[in-house]
Amino acid sequence: MIERTIFREEHEIFRETVRRFVDREIVPFHAKWEEDGIVPRELWLKAGAAGLLCCTVPEEYGGMGLDYLFDVVVFEELWRSGASGPGFLIHTDLVATYLLSFGTEAQKRKWLPKMVSGEAIGSLGMTEPHAGSDLKAIRTRAVRDGDDFVINGQKVFISNGQLCDFVVLATKTDSHAGAKGVTLFIVESDRPGFKRGRNLEKLGMKAQDTSELFFDNVRIPASNLLGKEGKGFAQMMTKLSQERLAQAIRSATVTETVIDWTLRYTAERSAFGQKIADFQNTQFKLADLRTKAAVARVFTDKCISLFMEGKLDPVDAAMAKMFTSELHCETVDECLQLFGGWGYMWEYPIARAYADARIVKIAGGSIEIMKTIIARQMYSQHGFALQKNGAVS
């Protein structure tokens, strides 16, 4: 198989540290957290102490100032273990990067050290009941009142929603300006009027708290504005490639992991007087999936390298997200079939992986959105303009 070349020795040493942490502090308890629908805050503090949170945050803000590959190692080891509960990715890969990119010096110094330590948990508040991929359509309002803004509205499907100490919140400050009316704010969860709704019961990822959030006349100072007023949509667009790359890393890793589980199972399990691995159907299925997984891994690693060089094109990120997401879902479906009835039992990791997988075709932009982005670029390269039936980014 093609050897991965993006990691150096220090990354692999760190990987062993992360793997030991995951095996000791997460895997033995994850089934209980799935029953509870949430992971304990203590896990975040332990992860912070072990250096697993926000690896790229500079030392001046309490971090280690490491490169992006250290964050990638953490994500890969979580997904490889089947641990979908800890919402470290949203916290590290999105919320912290929004603060680093658009925050004031005061905002960075207030929040980033606490994010690194796990003392403060970050969340991203964008999706609304009527506005998923179409972020311009959000209705949560922020109205200026003197030196403050007053926020009213609702968010849904918010990861870390039950645990978060603050939210990077997308609002409309000008309801008539479309994308140019979107503004981001930092909203602390202890402010009057901030209300957590129910912890949503999901098909998969049962240990990760995912919530409705309500904002009833929540008053925040203008100093909580993240970036510039009216620039929120443009700010969000700059982070889409990174978000979609993270989804590709997840799917590429889970695909490889599920294939490995299935190889071991079919090599040990017998049916009709022979090992399941001896059936040509098993061999052909796994050979097909392993080949696609190799393609997904090489492409994803290339996208990681481009991202670190500041050269990852949004269309390439969309292709990586689309291809790996579809392969992820195909793999868990085909591999569960090879487990037979046991694959349908929740005690088997393959069952959990199957339930967790379906969200990957939705999160970070739906598969249909990815295809639209790719198609538009293809046609535009050849000088053809497609009629737009909605804004897609």
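Where does F384 lie relative to α11 (367-381)? F384 lies in the segment after that helix. The model is predicted, and every value below is computed from it.

**Surface patch**

F384 is exposed, with a relative accessible area of 52%. The cut-off for exposed is over 50%. F384 is one member of a nonpolar surface patch.

**Salt bridges**

How many salt bridges does the structure hold? The count is 32. Three of them are set out here.

| Pair | N to O distance |
|---|---|
| R15 and E76 | 3.1 Å |
| D145 and R219 | 2.8 Å |
| R297 and E256 | 3.0 Å |

Take R15 and E76, whose side chains meet in a salt bridge. R15 lies in helix α1 (residues 9-26) and E76 in helix α4 (residues 68-80), so the bridge ties together parts that are 61 residues apart in sequence. Are these two residues buried or exposed? R15 has 5% relative accessibility and counts as buried. E76 is buried too, with a relative accessible area of 0%. The cut-off for buried is under 20%.

Next come D145 and R219, whose side chains also meet in a salt bridge. This pair links distant parts of the chain, 74 residues apart. D145 belongs to strand β2 (residues 141-145). R219 belongs to strand β7 (residues 210-221). D145 is partly exposed, with a relative accessible area of 39%. R219 is partly exposed as well, at 38% relative accessibility.

Which residues do salt bridges with shared partners join into one network? The members are R4, E12, R15, R19, E76, E77, R80, E256, R297 and D301. R15 and E76, the pair that links helices α1 and α4, are in this network.

Definitions and conventions. Residues are numbered from 1 along each chain as its sequence is written. This is a predicted model: local features need pLDDT of at least 70, side-chain atom pairs count only at pLDDT 80 or more; totals for chains, interfaces and linings use all residues. Side-chain values use heavy atoms; hydrogens and water are left out. Patches are made of residues with over 30% relative accessible area and no salt bridge: like charges are joined within 9 Å, nonpolar side chains (Val, Leu, Ile, Met, Phe, Trp, Tyr) within 5 Å. Accessible areas come from the Shrake-Rupley method with a 1.4 Å probe; for residues, only the protein chains shown count as cover. A salt bridge is a side-chain nitrogen of Lys or Arg within 4 Å of a carboxyl oxygen of Asp or Glu. Helices (H or I, at least four residues) and strands (E, at least two) are DSSP runs, numbered from the N terminus. Buried means under 20% relative accessible area, exposed over 50%, partly exposed in between (1.4 Å probe, protein chains only).
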